[in-house]
Amino acid sequence: MNSTTTLCTTTANSTTTNSSNNSTTHGQYHPVLLAIYSVVLLIGTISLSLMMHIMKSSTTSFTSIAVLNLIFTHFIFLLTVPFRIYYYALNRWGLNPWFCKFISAMIHVHMYMSFIFYVIILITRLMTFYCKAEQVASMQKVHALLGSAVVWMVVLVTTPCVIEFYYGKDKEGDTHGEKCFHFGKNINDSVQVLNHIISTLIIVVAILLTALQANVLRVLYRKHRKGCTSQQDFGAQLKSLCFALIMVICFIPYHVFRIYYVAKISELQNLNEVFLSLTTFNCLDMLTFLGRRTCSRCFPGKIV
């Protein structure tokens with residue numbers, strides 16, 4: 001009888017200890033994530049507000065429509081960031097489980113949509129340099145608007161369906177709704193292969209476009225030398241290089257890690273959240289448009 005009681009007590013203590021250790025491990029990166037998302041929300045909101053003020057007076061070219069789509073993508077994602085801050089501050093979810101899946105999925109939607117619009121902007125800029133201007137001019141505003149409508153319709157239709165039927169079906173043993181953003185067990189063998197393909201594609205495309213954009217600036221610099229900074233084309237291509245570098249800095253580290261992560265999900269789930277959060281720093285990309293001329297638009301009469 002005594003031995004049975006002792007065994008039960010030992011088992012209960014072991015369970016409590018394991019639960020405590022899991023809880024500690026689960027929240028070990030929450031202070032870091034809280035800081036990252038707070039910075040992204042604050043500076044991202046400021047940069048988007050300034051950029052919207054600038055875009056009011058800009059022409060509706062093919063590239064500017066792509067930039068507006070990028071701004072809207074950031075805006076939608078920033079609406080979800082306060083819920084992430086709430087979760088990492090309290091270390092518990094406590095809201096609707098489906099809403100947890102939605103907030104979790106939106107960071108991936110934001111990353112891939114941003115990547116698509118970066119690629120569109122960079123290819124358009126490269127075409128103005130490598131191809132004839134008439135070919136770029138043939139892409140009318142109507143085509144850009146129709147393309148944008150199609151992209152967003154696909155996103156609006158597919159995202160809820162994926163969240164409802166495929167995303168987050170197994171929440172790694174959380175039966176009380178306390179945890180959120182932990183859906184690693186949903187990644188089976190076929191999804192692992194798809195992840196490897198997507199991550200590899202993003203890495204290759206980002207590096208290739210960055211190399212091409214850097215070559216454009218090299219050619220323009222050799223052509224104009226000291227007068228290159230006064231050339232409008234050079235300034236536009238320089239901003240495109242900034243977009244390319246943002247892709248490299250924000251997206252490549254995560255996707256390199258993800259190739260390794262999908263093979264060892266249980267061990268790297270928490271670290272994956274940190275790498276994923278670093279991709280959200282691309283919300284600050286609109287700061288690349290801020291310069292002396294931009295500041296004079298936003299604050300007329302205050303720039304000396």
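## Confidence

pLDDT is the predictor's confidence in each residue, on a scale from 0 to 100. The structure is a predicted model, and its chain has a mean pLDDT of 78, with 74% of residues at 70 or more.

Confidence is lowest in helix H1 (residues 2–26), where the mean is 46. The highest value belongs to helix H3 (residues 62–90), at 91. Over residues 1–24, pLDDT stays under 50, and the model has 0 contacts beyond four places in sequence for this stretch.

## Helices H4 and H6

Helix H4 (residues 97–130) and helix H6 (residues 141–165) have axes that come within 10 Å and cross at roughly 145°. The crossing of H4 past H6 is right-handed.

On the H4 side, the contact involves Trp98, Lys101, Phe102, Ala105, Val109, Met113 and Phe117. These meet Val151, Trp152, Val155, Thr159, Ile163 and Glu164 of H6. By type, the residues of this contact are 10 nonpolar, 1 polar and 2 charged.

## The largest nonpolar core

The largest nonpolar core holds 63 residues. The members that touch the most others are Tyr37, Met51, Val67, Phe243, Met247, Phe251 and Met286. At least two residues each come from helix H2 (30–55), H3, H4, H6, helix H7 (189–224), helix H8 (232–261) and helix H9 (265–278). H4 gives the most to this core, with 15 residues.

Which residues does Val67 touch, leaving out those up to four places away in sequence? They are Met51, Met55, Ile121, Met286 and Phe289.

Terms used
Residues numbered from 1 in each chain as written. Predicted model: local features only at pLDDT ≥ 70, side-chain atom pairs only at ≥ 80, totals over all residues. Heavy atoms only, no water. Helix = DSSP H or I, 4+ residues; strand = E, 2+ residues; numbered from the N terminus. Contact = heavy atoms within 4.5 Å. Axes fitted to C-alpha atoms, helices over the stretch in contact; angles between N-to-C directions. Left-handed = near helix turned anticlockwise from the far one by under 90°. Nonpolar A, V, L, I, M, F, W, Y, C, P; charged D, E, K, R; others polar. Core = buried A, V, L, I, M, F, W, Y, C linked by side-chain atoms within 4.5 Å. Buried < 20%, exposed > 50% of the residue type's maximum accessible area, 1.4 Å probe, protein only.
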